[in-house]
Amino acid sequence: MLLITCPWCGPRAESEFSCGGEAHIVRPKDPDALSDAEWADYVFYRTNTKGDHAEQWVHTYGCRRWFNVIRNTVTYEIKAVYKPGETPAGGEA
Amino acid sequence: MSAQAKRLDRGGRIDRATPVNFTFNGKTYQGCAGDTVASALLANGVHLLARSWKYHRPRGVIAAGAEEPNALLQLETGAYAVPNARATQIELYEDLKASSVNAWPSVEFDAMAINGWFARMIPAGFYYKTFMWPKSFWTKHYEHYIRKAAGFGVAPVDHDPNRYEKTNAHCDVLVVGAGPAGLAAALAAGRSGARVILADEQAEMGGSLLASTQTIDGQPAAEWVSAALAELATLPEVRVLPRATVYGYLDHNFLTIAERLNDHLPLRARSANRERLWRVRAKRVVLATGAHERPLVFGNNDLPGVMLAGAVSTYTNRYAVRLGDKAVVFTNNDSAYQSALDLHAAGVNVVAVVDPRSNPQGELPLAARAAGIRIIDASVVTEARGGKRISGVQVMGLTANGEVGGSAQALDCDLLAISGGWSPVIHLSSQSCAKAIWSDEKACFLPGKPVQAEVSVGACAGEFTLNAALAGGLAAGAQAAQLADFETGVPATPEVRDPLEQPMLALWRVPSPAKPGRGSKAFIDFQNDVGVSDIRLAAREGYQSIEHTKRYTALGFGTDQGKLGNINGMAVLAEALAQTLPETGTTTFRPNYTPVTFGTIAGRDLGELFDPIRKTALHGWHVEHGAKFEDVGQWKRPWYYPRPGEDMHAAVNRECLAARNGVALMDASTLGKVDIQGEDAAEFLNLIYTNAWKKLGIGMARYGLMLKEDGMIFDDGVTVRLAENHFVMTTTTGGAARVMTWLERWLQTEWPHMKVRLTSVTDHWATIAVVGPKSREVVSRVCPDIDFSKEAFPFMALREGTAAGVAARVVRISFSGELSYEINVNANAARQVWDAVMAAGAEFDITPYGTETMHVLRAEKGFIIVGQDTDGSVTPQDCGMGWAIKKTGDFIGRRSFSRPDTARSDRKQLVGLLTSDPNVVLPEGAQLVKNPNAPIPNPMEGHVSSSYWSANCGRSIAMALVKDGFKRMGETLHAPLGDGRVVSATICKPVFIDPEGAHQNV
């Protein structure tokens, strides 16, 4: 049961949240300019990071706001929490 | 035998003034308050408690706590039955009833014990090797036989009458275990004012001190415990939880505790909650979980009367049980000499202490020698003998190179206390992700470097002396409080004198004097009957990894999870593979530390409280009018409304005919509704839906398909435009929450610049669909201020007015192909409006209908239901809905249409099916093939997605997803069914009624 600090509500139990998978996957501005492989990479492919991983979470049973989390997939330690459009303190997204 | 014949005359912590009667295997016994079932049975001279799992060998109590592998009992019967309860942990209560598990017909005479004679024919992997063929025999014969032969306790089949609850807690310091280290830690932390929870699995706090003969500050250890508990009771921020097992150490210092509230009470005295699940988030955790003594491994080491030395001291000192008349102690370390002294002090004849070490000179061996106890050094017990109870041991010398030799001597005894050293209880540390470290010096695994905010102290950290436990506990408690921002110092350690000890001699298994394959079985895992020979066999057969060996032999797979046997087993495997123990690996402990009953995990999340039930504002009317209900997500929706004498078929036929020939109405309130406002609302819908929204007129509605980026249909529904920047979207009933989350996510993460606000209004509005040729007349009467003429109120238009005097939004849309209106009103006024529609329709025999009729009506028109006719792999084009896709401009999923697989023309496509026999209704899900007689695997051409009897068509109709289906009109396919029938059906367009759409164009 992770303890996740919602940027708006503060620390709450994991059961209040849902994970949305890898963060910082930007929807292509012009999908038609992409090859099939590039489009497939955007739609289907995700990194399987061992270590610090940027992922999206939403405070489903709270403020319903989405935000980003840097979580270590080995230790489950949460290194940073930051709002959409922000960069994590002391690191790059 | 008289009651409690084996109870010592004095001593112990039992309450002799309070006798407690109980029944074991149908026979009545008496114990005392403060006994466990194990101690009470031992006090009555009962040592044979169980039969082993595989060989049905006689087994007795070996331990005194959670690590007990043998003494599993079936506790109580009927709804209160508890399978596999450990006799060592069941507190005795009046009228307790327990019986042996795994014994038939009785524990004294077990028919299956014949397995023991064939032990050599039932080696590790026996089941894998033997019961392989023929395959069909597995479920019918082998499994039945094995389950009967190999079962542990029997799970109750009755509804559990107990209640369970959950509670959440936060604390600064959680101390696990209330032995000397834990009590010391709780005192040091508690004195700082920190919020402390101290949990211990036993009824009485104190751990090893309750059986100890040592003194603390000159007082008996138990008195120090009393004083510590008294002080903790004065600290307002300290919570002491007895009978509370910390069974899980999860992420971010979240721990779970099962607190047993009334298992110690007679059944008739139990009330309220049986167990409480504590979900604790702790800033710091101090683990003081102690150590489990390891058995020594030699022939017949599983006989009743062979017990761990520490347990012998516990039963002697704490429970005042005389365990035998003639005892032998077999130990590779000094601590068991204390047990010899305890037995001696209790008047038991200690025949000898057998020690593989030469001339042990530790303080305790010297004290034993001074007490006149014979020490047979440089020797081992090679074999125990006896039937249902040990009757003696064979002792041989141990040479310097680790072999047995010399002449054997036989010693008679009825009790053998064994000690192979101590294994720290590192389960919780390991669960917290700290990787255990092997210590050659202490011959045990020690807790690894902490990953979470925890520290291990006392015996579970490999610090086995009382002084170290107290000093370590005090320091750790104070430090934990400091790290949780409390100011405090480390209290002075009380005055304790530990005996000086000599090092132990690691002895993982006693060498067998017999030839390989001969000699009696030496057990490593008692519960699963895993012996030395099984592990060696696994090694011979190529198992290198301890994890594989465990699975092959079942080592550590019992309800005790190998608390006693795992280390010995690893060492035997390491020896067989000629490698070191750390090379062989450790095992990762996972929750739960001891079994937790499902009731505790479920708590109150049961039955109707398991998931919320949602009812529409009209639910009461539906109930009053005899509706049968269907669960759609969390909603209760009317399924159909049978009239007296009608079955479902008759009711649905009647409802379907009414909708097409007269007028019918349905409660459509469960459709998801999202109020969308903002200046970018239309642009937002342009991206979310497949069609164009900017030019939709105010007061008009449009059907939309929603896709995922892979181009597959995700949801659908009608959205109306109330104003330039104000829309109301409807979603499928089941998809409402999903869609809301989907929309929010795009707005928050991808398009935060868009000025759009979303509000879920599903529950705010009630929706009444009025359907059929007579619907216009009915709604005209209900909404007199709205002009319902064909010209004034066209198809896909919205009008605002009143319905039965209530502000209403009326939309002319149709999910049936008939003339149809949906009246949306404030949910609080729903009943009033519904009643008005019923009254206005009375002269047309207006007919309420449910979801089944809705499904038939839409299938007659070929309208899809997302999730039934689509499954996440269906594009709009696959459904023949290319008309819903705009030609220019981007939207979610569009780019995927041109991916090669999505652009294929021969994908599975939605078609209609007409069975050759019009009276046969295909089952939904039926697979379709070209040739039903083709050999298996017969290529699948598609499957039936929707199928109904259509009263309006006078025959069955179906929809199916068929490969390249659009090009296969008129082709006949076959559905071979599970019951042997083969149903033939011809592919057609999926519109069975009114293909021109004339019905609603009126």
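What is the mean pLDDT of chain B? The mean is 94, and 95% of the residues of chain B reach 70 or more; pLDDT is the predictor's confidence in each residue, from 0 to 100. This is a predicted model, in which local features need pLDDT of at least 70, side-chain atom pairs count only at pLDDT 80 or more, and totals for chains, interfaces and linings use all residues. Residues are numbered from 1 along each chain as its sequence is written, while chains are lettered from A and ligands numbered from 1 in the order in which they are written. The model scores ipTM 0.97 and pTM 0.91.

Let's start with a sheet. In chain B, 5 strands form an open sheet with mixed pairing, in the order 2-1-7-5-6. Strands (E, at least two residues) and helices (H or I, at least four) are DSSP runs, numbered from the N terminus, and two strands pair if DSSP finds at least two bridges between them. Strand 2 (27-33) and strand 6 (82-86) of chain B each have a single partner strand, so one side of each is left without a neighbour in the sheet.

Now look at one pair. Strand 5 (residues 72-75) and strand 6 of chain B are joined by 3 bridges in the antiparallel sense. Leu72(B) has Arg86(B) in strand 6 as its bridge partner.

Next comes a helix. In helix 7 (residues 309-318) of chain B, 10 of its 10 residues are buried, meaning that 20 or more other C-beta atoms, placed from the backbone, lie within 10 Å of a residue's own. Among them are Tyr315(B) and Arg318(B). After helix 7 of chain B comes Ala320(B), with a positive phi near 55°.

Note on methods
A residue is buried if 20 or more other C-beta atoms lie within 10 Å of its own, exposed if 12 or fewer, and partly exposed in between; C-beta atoms are placed from the backbone.
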